Every structure is written in structure tokens, then in C-alpha cells.
Amino acid sequence: MSSKSFYFSSILFAALIVLSNFTVQYSINDYLTYGALTYPFTFLLADVLSERYAKEEVLKVVRLGIVLAFVPSLLASDWRIALASVGAFFIAQPLDVYLFYYLKEKFPKLWWLRNNGSTMLSQWVDTMIFFHVAFLFIMPWPNVIMLALGDYAIKILLALLDTPLFYLLAIRVQKRLGIKR
């Protein structure tokens, strides 16, 4: 990965995290926040990068994205949200990368499985960590669970809807350019 691609991807990760941390503070309804609409794009970005680059390179991008997002997240959102988000991202995003490469190795032709399988499992982990750390002592536990489930349902829907985008960005473009991994 070129240094330009590395820094651009890391900054994009950080921007998506900060945007999500800001928008998660605002509810759409009793079961959903606006953060659920932006955060899934971090997983799509990781999957697109994972299709093209080595695991170690993608993990470096993820780590730098976390570091770059921390202070702006503290400024853009409540400190609990910033800490919960960065902590959840620190666990879930590398999990997504590892699962992606595992599924890619085991089922190399099933590009949709590695895209959706890694994302859906790691987003479940992310969602449970985030909502429990960010809101558990702020609101009643049943409300935290309802928000988490609503958030996760949207993340599943967006993961399924971004499958054609993953194909276009990660599979089709590489085939056109003659890139083999």
C-alpha cells in the first residue's frame, strides 16, 4: 500500500468514526440513532481494503484511524461515547479484518460471504460493547438493549445493501485492473 493510500484510508476511517460518534448522540426514534447510518461504512472500508491489501497493512490503517479519531471524538461527543466507540472499534474492527481473511482463505470464491460474514459478526461485538459502555449507567438496561438491537438491525440491513458496493469497489475494479490477490 502506498503511503498516500495508507494516510488517506486512515483519515477516512477517523472521519467516519468521529461523524458516527457525533451522530450517535441523536435518536431517530426509541430504537435507533443516526450513528447507525454512518458507522457501518467503516466496516465496508476495511473490507474493501482487505480485498486489495495484506492483513498487516489493513490493521495498520485501522490502528492509525483509531488514534486519529480519539481526540476529535472527545471534542465532538460525550466522553463516554468517545471512549465506548474507540474501545469497541479497537476490538471489533481488527476482528472484522481477521474474520475477513479467514473467510477469504476458507471460501475464496464466496466474496459476498467474507464481506457480510465478517461485518455482521464483528458489528455485533462492536454494538454490544459500545452501547453497554456508553449508555448502561445513563439509561435503564432495557432501553440500552433496545437501542443496541435497533442499531444492529440497521447495521445488518446496511451490510446487505452495501454488498453490491463492495463488489463494485473491491472485486470488479480489481478484475478490470488485473489485480490478483
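How many nonpolar, polar and charged residues does the lining of the largest cavity have? By class, that lining has five nonpolar, four polar and three charged residues. Here Ala, Val, Leu, Ile, Met, Phe, Trp, Tyr, Cys and Pro count as nonpolar, Asp, Glu, Lys and Arg as charged, and the others, Gly among them, as polar.

This is a predicted model: local features need pLDDT of at least 70, side-chain atom pairs count only at pLDDT 80 or more, and totals for chains, interfaces and linings use all residues. Residues are numbered from 1 along each chain as its sequence is written, and side-chain values use heavy atoms, with hydrogens and water left out.

**The cavity**

- The count comes to one cavity of 30 Å³ or more. A cavity is a set of points, on a 1 Å grid over the protein atoms alone, where a 1.4 Å probe fits but cannot get out.
- The volume of the largest cavity is about 120 Å³. Grid points are joined across faces, edges and corners, and a volume is the space filled by probe spheres set on the points.
- Lining residues have an atom within 4 Å of a point. Among them are Ser-20, Asn-21, Tyr-39, Asp-126, Phe-130 and Lys-155.
- At least two lining residues come from each of helix H1 (3-23), helix H2 (35-38), helix H5 (79-106), helix H6 (111-135) and helix H7 (141-161). Helices are DSSP runs (H or I, at least four residues), numbered from the N terminus.

**Salt bridges**

- Side chains of opposite charge can pair when their charged atoms come close.
- The whole structure holds five salt bridges. Each is a side-chain nitrogen of Lys or Arg within 4 Å of a carboxyl oxygen of Asp or Glu.
- Arg-114 pairs with Glu-51, with the closest N and O atoms 2.8 Å apart. Arg-114 lies in helix H6 and Glu-51 in helix H3 (residues 40-52), so the bridge ties together parts 63 residues apart in sequence.
- Arg-114 and Glu-51 are both buried. Buried means under 20% relative accessible area, exposed over 50%, and partly exposed in between (1.4 Å probe, protein chains only).
- Asp-78 bridges to Arg-80, with the closest N and O atoms 3.4 Å apart. Asp-78 is partly exposed at 27% relative accessibility, and Arg-80 is partly exposed at 25%.
- Asp-126 bridges to Lys-155, with the closest N and O atoms 3.4 Å apart. Asp-126 sits in helix H6 and Lys-155 in helix H7, so this pair joins parts that are 29 residues apart in sequence.
- Asp-126 is buried at 3% relative accessible area, and Lys-155 is buried at 3%.
- Shared partners join Glu-51, Lys-104 and Arg-114 into one salt-bridge network.

**Aromatic pairs**

- The search of the whole structure finds 13 aromatic pairs. Rings of Phe, Tyr and Trp (its six-membered ring) pair if their centres lie within 6.5 Å; planes under 30 degrees apart count as stacked, over 60 as edge-to-face and the rest as tilted.
- Tyr-39 and Phe-43 have ring centres 5.5 Å apart and planes at 75 degrees, so they are edge-to-face. Tyr-39 is buried at 6% relative accessible area, and Phe-43 is buried at 0%.
- Trp-124 and Tyr-152 have ring centres 5.0 Å apart and planes at 75 degrees, so this pair is edge-to-face. Trp-124 lies in helix H6 and Tyr-152 in helix H7, so the pair ties together parts 28 residues apart in sequence.
- Trp-124 is partly exposed at 35% relative accessible area, whereas Tyr-152 is buried at 16%.
- Ring pairs link Phe-100, Tyr-101, Trp-111, Phe-166 and Tyr-167 into a cluster.

Technical notes. On a 1 Å grid over the protein atoms alone, a cavity is a set of points where a 1.4 Å probe fits but cannot get out, and a pocket is an open set with protein on both sides within 12 Å along at least five of seven lines; lining residues have an atom within 4 Å of a point.
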